[in-house]
Amino acid sequence: MDLDPEGIFRDDSDEEDDSVQEREANKEMVVYLIDASPKMFTPAGVNQTDEMEETHFHTIANCITQSLKTQIVGRSYDEVAICFFNTKEKKNLQDLAGVYVYNVSDREPLDRPDARLIKEFSSIQDSFMSNIGSRYGITSGSRENTLHNALWVAQALLRKGSVKTVSKRILIFTNEDDPFGGITGAVKTDMIRTTIQRARDAQDLGLSIELLPLSRPDEKFNMSLFYADLIGLEGDEIAQYLPSSGEKLEDMTNQLKKRMMKKRKVKTLAFAITNDVCIEVNSYALVRQTTPGAITWLDSISNLPLKAERSFICNDTGALLQDPQKRFQLYNDKIIKFSVRELSDVKRVSSHHLRLLGFKPLDCLKDYHNLRPSTFIYPSDEQIVGSTRVFVALHSSMLRLGRFALAFYGNPTRPQLVALVAQEEVTSSGGQIEPPGMHMIHLPYSDDVRYPEEVHMTSGDALRATDEQIKKASNLLRRIDLKNFSVCQFANPALQRHYGILEALALGEDEMPDVNDETLPDAEGLSRPGVVKAIDEFKASVYGENYDQDEAEAAAAKAGASKKRKASTDAAAQKSAAYDWAELADTGKLKDMTVVELKSYLTAHDLPVSGKKEALISRILTHLGK
């Protein structure tokens, strides 16, 4: 009852490589701070038909709604909170004036977004004035500082979780570049000082504060008046901030439903350089295949997620066992028992996640060795002080000597050889383009590399392209070449439709989303005169001037059917030759043969094969003259 005869070396904890899986310990917490002053409800601009456009508040609400929809798909563990400031009503744990924390029932103020939050927030502009209200929070003669209160509330919302494993951000949306412009004197100076100090206190605790400014139609947002000091911008950073923030706002609105691998720390590894030297590195997942989310089984009545549990039951007594204490393996007709501890020791290959084995020249690393997406590693001094210094020395030496490091990687049950390729830092006038570090490339096992059979053809049988055909093909490729192509430009249409349908069902929408398949050929681009001419010239060089595709396909189909029929006839003749049909007919043994055997004779002699068994036998006897 305490034995496991199947799979002694099976590890219950074996899973796919967790470096590509999003983990709850690596999540992000975001508080959206939205300015609700009357200026946010003014039109954002005037369009070409002289009709007033939507307000800044409406733009931000739509932007956050879309961001929450994509977050459920791409970053399901992230938690968000929505907070308005400069409001008439107040709703927060600190009971501070002018701050309203928006939420729905059965949900924490800072929690993962759900369908009800998205559905209700998408229509908040219809009921905002009646339920929450708008007002100028910082006015002359008042000591209330609603921006200071909002930062305090946001900091309190982000108090849970450690900044070492959780990224915490505060995003401020406003079109007011000088929130203290309505007051003067010592009161203004004091308010600015306390607000900036509150922001710096939050940043000292590991919270990141970002601003997404909105420019009004009559004036451009001026960062230098206040917010540059609030978020800590200096010099050229102020001029570059507005364009970058505009791109962030556009990205939040136009995100695709993809499971994006954010550039966050995925895993911390112990990198053993020698037996006595071990450093700490962080791993980052870069590009990964987009796949649908995991299936969650729900209860048919309560619609709540089900939790699967496994229990071991004794075959002899029916008692519930906590865990099998022994496993065994049959060896030489003997039962060899293993404890769980012994199995763990047998499986252990290395005591570290990553161990350096040696170095090889870079030209030994081939393109086909990279069977899966690489992982980026970067040093960390959080637990092992001096890791960065050792890593930099190793990194610079590998770059100087043109070597890559061969290392062992994996857990004890799934060992893997990897190549560590050093990447040099790439910078430009706009900042860093590529960071310094190492790419960890998973090397194949010997049976992972395939050697397909090559067909050796004589020079007389092999078809060779002429110089004219090569020239026309090159011209065609130049005409239809995609400039600056990247696979990240295209979304998987099947996944877009999958997540679109799930979203429509969750939000109770009547219409299914219309998905644009960007992987289809560009009909408009292929119909350009230059491209059409290049295609016609290539076809003429290969098939001739008077080539008719329909006739060629019909001839090919006819030839294929004829070839298939001949092959079937030859196989039937070969099978039929194994029998003495005349003797079988004379002895009356044809009725003992199967229908398939009888049809082989008929097929070999080009006779009809339809009818029952008696008809087949009669047809064979007639052909034999019996």
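**Close-up views of a predicted model**

**The whole chain, before zooming in.** The protein chain comes to 17 helices and 18 strands. What you're looking at is a predicted model. Of the chain's 626 residues, 34% count as buried. Take the contacts with a separation of 6 or more: 67% of them come from residues 24 or more positions apart.

**View 1. E28 and R169 join up across two strands.** Here E28 forms a salt bridge with R169, and their closest N and O atoms sit 3.0 Å apart. E28 belongs to strand β1 (residues 28–35) and R169 to strand β4 (residues 167–174), so this pair ties together parts that are 141 residues apart in sequence. Is E28 buried or exposed? With a relative accessibility of 11%, E28 counts as buried, because the cut-off for buried is under 20%. R169 has a relative accessible area of 21%, so R169 is partly exposed.

**View 2. Two helices linked by E537 and K472.** In this close-up, E537 makes a salt bridge with K472, with 3.5 Å between the closest N and O atoms. Which helices does the pair tie together? E537 lies in helix α13 (residues 529–543) and K472 in helix α10, so the link spans parts 65 residues apart in sequence. E537 itself counts as partly exposed, at 24% relative accessibility.

**View 3. A salt bridge between D481 and K483.** The side chains of D481 and K483 meet here, 3.7 Å from N to O. How open are the two partners? D481 counts as partly exposed at 44% relative accessibility, while K483 is exposed, with a relative accessible area of 64%. Back with the residues of View 1, there is also a network to look for: salt bridges that share partners join E28, R169 and E210.

**View 4. A nonpolar patch on the surface.** Which residues form this patch? They are L482, F485, V487 and F490, and together they have about 400 Å² of accessible area. To get your bearings, pick out F485, which sits in the loop between α10 and α11. F485 counts as partly exposed, with 46% relative accessibility; that clears the cut-off of over 30% for patch residues.

**View 5. Q489 and what it touches.** Q489 is also found in the loop between α10 (467–479) and α11 (493–507). What does Q489 touch, leaving aside residues up to four places away in sequence? The answer is N484 and E518. E518 is 29 residues from Q489 along the chain, and the C-alpha atoms of the two are separated by 9.1 Å. Q489 counts as partly exposed, at 43% relative accessibility.

View 6. The last stop is a negative surface patch, formed by D229, E234, D236 and E237. Where is D229 found? Look in helix α6, which covers residues 227–231. D229 has a relative accessible area of 43%, so D229 is partly exposed.

Key
Residues numbered from 1 in each chain as written. Predicted model: local features only at pLDDT ≥ 70, side-chain atom pairs only at ≥ 80, totals over all residues. Heavy atoms only, no water. Patch = residues over 30% accessible without salt bridge, like charges linked within 9 Å, V, L, I, M, F, W, Y side chains within 5 Å. Areas by Shrake-Rupley, 256 points an atom, 1.4 Å probe, with all protein chains shown as cover. Salt bridge = Lys/Arg side-chain N within 4 Å of Asp/Glu carboxyl O. Lys, Arg positive; Asp, Glu negative; His and termini not counted. Charge placed at Lys NZ, Arg CZ, Asp CG, Glu CD. Helix = DSSP H or I, 4+ residues; strand = E, 2+ residues; numbered from the N terminus. Buried < 20%, exposed > 50% of the residue type's maximum accessible area, 1.4 Å probe, protein only. Contact = heavy atoms within 4.5 Å.
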